[in-house]
Amino acid sequence: MPAEPPRAAPPPLRAARRKPLTEVRGEHHLVPPRAPTFGGAPQWLRARFQALLFALGCRIQRHCGKVLFVGLLVFGALAVGLRVASIETDIEHLWVEAGSRVSQELRYTKEKLGEESVYTSQMLIQTPKRDGENILTQEALQLHLEAALAASKVQVSLYGKSWDLNKICYKSGVPIIENGMIERMIEKLFPCVILTPLDCFWEGSKLQGGSAYLPGRPDIQWSNLDPLQLMEELGQFTSLEGFKELLDKAEVGQAYMERPCLDPRDPQCPPSAPNKQSQQSPDIPAELSGGCHGFSRKFMRWQQELILGGTTKDSQGKLLRAEALQTMFLLMSPRQLFEHFKDDYEIHDISWSEEKAGAILEAWQRKFVELAQDSIPPNATQSVHAFSTTTLNDIMKSFSDVSAIRVAGGYLLMLAYACVTMLRWDCSKSQGAVGLAGVLLVALSVASGLGLCSLLGISFNAATTQVLPFLALGIGVDDMFLLAHAFTETSHHIPFKERTGECLKRTGTSVALTSVSNMIAFFMAALVPIPALRAFSLQAAVVVVFNFAMVLFVFPAILSLDLYRREKRRLDILCCFYSPCSSRVIQIQPQELADANDNHITTTVQAFTRCDPSGHHVVTVLPPTSQVCTSPAVLLPPTDPMGSQVFAPSSSTRDLLAQMDEAKSGRECVPLPFCRWSLADFAREKYAPLLLRTRSKVVVAVLFLALLGLSLYGTTMVHDGLYLTDIVPRDTKAHAFISAQFKYFSFYNMFIVTKGGFHYPGAQAALLSLHQAFSTVKYVVVPQGMLTHHTASPGLQATFDRDWQAGRITHDSYRNGSEDGALAYKLLIQTGNKKEPFNFNQLTTRRLVDENGIIPPDTFYICLTVWASNDPLGFAASQANFYPPPPEWIHDKYDTTGENLRIPAAQPLEFAQFPFYLSGLRRTADFVEAIESVRAICREAAQRHGVLSYPSGYPFLFWEQYIGLRHWFLLAISILLACTFLVCALLLLNPWTAGIIVSILAMMAVELFGIMGLMGIKLSAIPVVILIASVGIGVEFTVHVALGFLTAVGSRNVRSAAALEHTFAPVMDGAVSTLLGVLMLAGSEFDFIMRYFFAVLTILTLLGLLNGLVLLPVVLSVIGPPPEVQYPILPLPHYTEAMGPGSPRGPFVVPPTPAHILLEAGKDPSFPRITVSTSPCPPGAQPVAPGALPAYSTHLQGPAGTYTTVTATASVTVALHPTLPGSYPSFIPEGFTSSERDCLEEPSMPSTSSTTMPDTFEMQSMGCHGAGARR
């Protein structure tokens, strides 16, 4: 290539008399002949910022290889951080608000108890295959029995041992027996806690797998065990009086032997069964009415709501029918299982640990689900659904796993799209390799951003692994497309070494604005105090920062490398080969080229202007060169509706010239017509003229007002909530179970926990009133027969009174009294004083419990010890939990030593927990109402009595967030909109434009929120994050158009059209890339990903396109801000209106006959000069009146009656380049300017009219720093 000549600086703005002819991407606009008026400081500041970007781009181009190497090295090193990434699957850690009262309460519970859960539930639900069918039939219950039996017989072999249900199940209240033989037999026989409707019948005993052996009789199992008969037989060998009283108090009776049989014809059905003799089937609804009970009628009550679902009752409350049955197997927690077996001789050889206990439980649970579901024949009329704690954990783990196939598919799809859309027929314009490299760079930036998050300790979760790689890809390539489009628009008159700088100068502001807005949006989304979403938002913000760094530093190096390929005319992608059409650049002789229609050839050369020594003429200096690029100046078709283009665009002057040359040589390198079509052409020729008509504007306004109204209505239909069915994949067994449970069972455990910080013995009345107050809450159910430490003593006092009156207990002896009477004797003499622990005078002067149920404060903690140690069934059934735990003390009636009389007092309580139940909770509003009611009671108790308490349970963990969710949402989105306004106002330096952008973004958020309501998508933390992020993502669709409008010249309509022309393609590419990025989410097996991410993000992208490319241009064309650069408007000569305003195609301007502009070389053949002068207007030419021009046409006018001619040896058309939206020609960065300055002075001359007309005009280039011209 020839060496470039020195470039002249643009003329000072004070030189106002000029009449330049400009060209933008082949569109020829007449630029006004007076100096532009700039907005002052805002433009100066942005020009400074663009100068920095320009300098950065130029330096990157000079050192593109080094920049690329260092960038890849840094990004690659950070991507290695993914090796230490951790995935969080604990629901508690994911969804409990960070720093909330719930998290503080959980922390307090774990500090005191170490582990909140003492058992885990494994569930079976049976439903009819036909909705509405009654399940309370003998056939249905027999089917339920088969499934439950299969589940109860599950065994797993692990660590060389066999583990069955009886070894790992949770057993409530195993009594402590001093007789070793009885204790071992009780341990083997003591039943597992299994909540099942089968416990209403004898068949419930079959689920208990324990057995014991006694000589002379068959194995003892619960199906043949009569506890009363067994106690009589064993009583012959040892004293079991205390154990008998324990069974009597628990109302064990004959256990299962006295319950009816489902099938009385079963040979094993005991003779004691009520329907054994009659052989009649039991009345199943009557037996199940009110619930069932385990082997203890008093302490093991299974509420009807817990075992039956979809019930129907008559007016008297009698159970008629039900649609679902539920059985629950309770297993020990890993820690409890570890503690239970740690001293067992059977496992001493396997290095027993809590991790191994957890592995055993997980293996058993997986097999439990598998066998229970396979136990039912396929042709059965009922469906059985099994679920375990491990199933849920497995779902969460699979939900959090990265799908390598989907990630690879998404990125390959984006690679293909980028390559295809950026390929061109002309290798000098093709950027397929740039598209491929850009997508790969985005992938690297995403990996490096997530790697940094891993190094910072931010854990991954399902939202990160399932969504963020695709969302970041879609957002990241938007700026890449913008830079690539701007790079192709960079004119050839820009010096080669400055083209990357020019590209960054034009696009850097937009890229910075979108990236900063996205970053702020995700940081604002991190205000939502849900750990999973906070981690997602922070990771997304970091990835946006890395994408910005990649686009600003590394991708320009790729563009610079591709620029060298384009200049050498090598093939795209296959850069080792030269283009077969590289001879398009030809040498022309100085002669006039014209076709039959007298259309002259446009010849493009490098040039710059200066004034001659006299100051009367502008001199255009041509560098010595033999290669020029030409294209014919084709007249604009008369049907162009815009009327602002004088000449039709040409995609490449080389292409057009090549067509002429190849027609002679027979080459086949001319592209097909459809290959030359582009989105920019569509926006300029079709879309903008149609959209900016007055009628179209009215239609757009009406449609968007209707959409806004519909969205506002949709916002009223948005309900809070996120259910487990939304997370679990559809058409899976787990989803079927969760759907059935949600439909039929709304029964939840809850606990009231009282903390330390107050005196428990003195606050008994307040504690009692607190517990009683919960019975007034709509959804709270108080357990039947619930025992507490202050209501356990009335029975003891009554027994003591009877024994005292009968003389069995005296002042000195209690040996003849009952077990409870003797225990009451010991309690009554306690003083709580360590020095004088006994006072026998209190036997008749004090009561264990007064008429209000209050225990004497000085013996409160002594009674707590007695209750916890000597009433194991009642204590376990109450599900009470204390910290510090009460000491163990065993009552022995026959031990009369003083040490046995001393009962150790429990330590002052810091934690006490008692159970309640929640029932009837269906909607999120029900959960919120129950939570607020319970919280209000706890708050009132603290304010009135100083009793510190809080609720605990599953509903309070996961529904608490909905109480303040909308508050956090409104707060975050308000702050974000304010921040977006400030960022836009600072970078655009135009509050008017920033206000319009923020208004459009707020409207997008309302539209998205309303459409979510119409689609039935519930509001939870995840949609809230997307709604907040929609503001940042929406900036991608609005700021480019707004910036293009702000920096364009002309009327509002013209500027809107120009903005659409230059931004339509990159905005559309960005939208398509975002859609392609999230497209792979549609293949997720999780309905949650489909609805809450893919659907919402797709709708957001479509709304962004509609608001950014339809509504925003219309709004700007009506109420947009004034241009930053203003030119005076004068009449345009030689142009006439061809069609009136009523024409179907609208008014347009017919260009005049092309002027013959002549070029004359200077005396020095190696450095020719061209003199530009003005000549009178040809006779008969009439200027057009200002009112005759369409409102949206670009026009300028020079002095009436003059036109410009240049005398030369060839007839050519001279054209100069104006600025593209986003660039400022007035500021030349230091180091990139020439010392030459124009010095044009304005001599005045008289005119035939009263207007003073100039003699000469200066030619200037508005598109570069020098005066490079296209001719």
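Q: How do you know where Pro884 sits?
A: Pro884 is in the loop between β23 (881–883) and α32 (898–901). Helices (H or I, at least four residues) and strands (E, at least two) are DSSP runs, numbered from the N terminus. Quick background: this is a predicted model, where local features need pLDDT of at least 70, side-chain atom pairs count only at pLDDT 80 or more, and totals for chains, interfaces and linings use all residues. Residues are numbered from 1 along each chain as its sequence is written, and side-chain values use heavy atoms, with hydrogens and water left out.

Q: What makes the bond between Tyr883 and Pro884 cis?
A: Its omega is about -5°. Most peptide bonds are trans.

Q: Why is Ala255 called buried?
A: Its relative accessibility is 0%, and buried means under 20% relative accessible area (exposed is over 50%, partly exposed in between; 1.4 Å probe, protein chains only). So Ala255 counts as buried. Its phi is near 60°, a positive value in a non-glycine residue.

Q: What makes a nonpolar core?
A: It's a set of buried Ala, Val, Leu, Ile, Met, Phe, Trp, Tyr and Cys residues joined through side-chain atoms within 4.5 Å. The largest here has 306 residues, and helix α20 (residues 531–567) gives the most to it, with 19 residues.
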